[in-house]
Amino acid sequence: MNRVLLIPILIIAALSGCVEEELNALDLSTMMVNSGKNLDSYRFVTETAMEFKSIEDSTEISMLILRSRDSGAVNLTAQNMSAIISEISSYGDEIYNTQQEVYIVGGAAKIKFNGNWSQAPLQDAENFWALKNTAKKQSLLLNSSQLKLSGLEMIGGMECSRIEVMPDRKSYESFVFEQLESELPLAYVNLTGLRDRSVVNWTVWLSNDDGLLRKENVKMELSLTPDIMEQLSDPIEDFLLKIDLNTTTLYLDYNHPLLITLPEGQRIEPIIECACNR
């Protein structure tokens, strides 16, 4: 059976009372992999809101609020992408606005921040581009998670299956690193303990027409306390950090013609590898 047809069939059967609403993760993973085999390009828009509350003696003593919007395009065949990232952060009465442009060509990133351009190599270009295939990435993350069909919705004029995800340990840790690695010292955090203190609502919307991911939303509440911090040379005795995260991504224009170029005057400089340790 064509796996792209799997979700609509499950929906019809569920509505007729013939099957449970629990989905088979292996079948869903197979369907997503198949839908991603011919994936060439897409656009995306991600909006994220994060709140960090520091609490001491049951009293909130500080709050940091971050809001960001990422919009960009990915060409998997040419292995290049572009994105504009806008962020507003507020701490007390202080408000900061930042914006950066990012262009990735093959194994190098060109970044404009505060009007200045810089270039850096990707640490693992092959893995980076593999994960930019939305279908393959989601199938890997959801392969061992529990999935539940929760209805139908129209997303961008397309009928989609709404699927609730109860992430397994690997999926949870992958998401936490993706979202919070730059905000928290995750290398010193017991992630099992952090997961036990997290509430996660993860929803994906898959098109019933082609099986491709059209929308994803993750809401997460987690608490960081001293007993789940590890290997700190100067441990903090008493603190509570509460984090609320809400991020939504829309995926648009799959396989539409897409040409991504560097701005005028910019180019990828040759990367000189050090041969010191050879």
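Reader: How many aromatic pairs does the structure hold?

Author: This is a predicted model, and it holds five aromatic pairs.

Reader: Why is the pair of tyrosine 42 and tyrosine 251 called edge-to-face?

Author: The ring centres of tyrosine 42 and tyrosine 251 are 6.0 Å apart, and centres within 6.5 Å make a pair. The two planes stand at 65°. Planes over 60 degrees apart count as edge-to-face, so that is the name given to this pair.

Reader: What parts does this pair tie together?

Author: Tyrosine 42 belongs to strand 2 (residues 41-56), whereas tyrosine 251 belongs to strand 12 (residues 240-252). The pair therefore ties together parts that are 209 residues apart in sequence. Ring pairs also link Tyr42, Tyr251 and Tyr254 into a cluster.

Reader: Why does tyrosine 42 count as buried, and why does tyrosine 251?

Author: Buried means under 20% relative accessible area. Tyrosine 42 has a relative accessibility of 4%, so tyrosine 42 counts as buried. For tyrosine 251 the value is 12%, and therefore tyrosine 251 counts as buried too.

Reader: Why is the pair of phenylalanine 175 and tryptophan 202 called tilted?

Author: The centres of these two rings lie 5.8 Å apart, with the planes at 40°. Stacked requires an angle under 30 degrees and edge-to-face one over 60.

Reader: How do you know whether phenylalanine 175 and tryptophan 202 are buried or exposed?

Author: The cut-off for buried is under 20%. Phenylalanine 175 has a relative accessible area of 7% and is therefore buried. Tryptophan 202, at 2% relative accessibility, counts as buried as well.

Reader: What makes lysine 215 a charge that sits over a ring?

Author: The charged end of lysine 215 is 4.6 Å from the centre of the ring of tryptophan 205 and sits over that ring. The distance limit is 6 Å.

Reader: Which residues have the most contacts inside the largest nonpolar core?

Author: They are Leu180, Leu194 and Leu224, in a core of 44 residues. Strand 11 (residues 213-224) gives the largest share of this core, five residues. Leaving aside residues up to four places away in sequence, leucine 224 touches several residues, including Leu184, Val189, Leu194 and Phe239.

Definitions and conventions:
Residues are numbered from 1 along each chain as its sequence is written. This is a predicted model: local features need pLDDT of at least 70, side-chain atom pairs count only at pLDDT 80 or more; totals for chains, interfaces and linings use all residues. Side-chain values use heavy atoms; hydrogens and water are left out. A nonpolar core is a set of buried Ala, Val, Leu, Ile, Met, Phe, Trp, Tyr and Cys residues joined through side-chain atoms within 4.5 Å. Buried means under 20% relative accessible area, exposed over 50%, partly exposed in between (1.4 Å probe, protein chains only). Helices (H or I, at least four residues) and strands (E, at least two) are DSSP runs, numbered from the N terminus. Contact means heavy atoms within 4.5 Å. A charge sits over a ring if NZ of Lys or CZ of Arg is within 6 Å of the ring centre and within 35 degrees of the ring normal.
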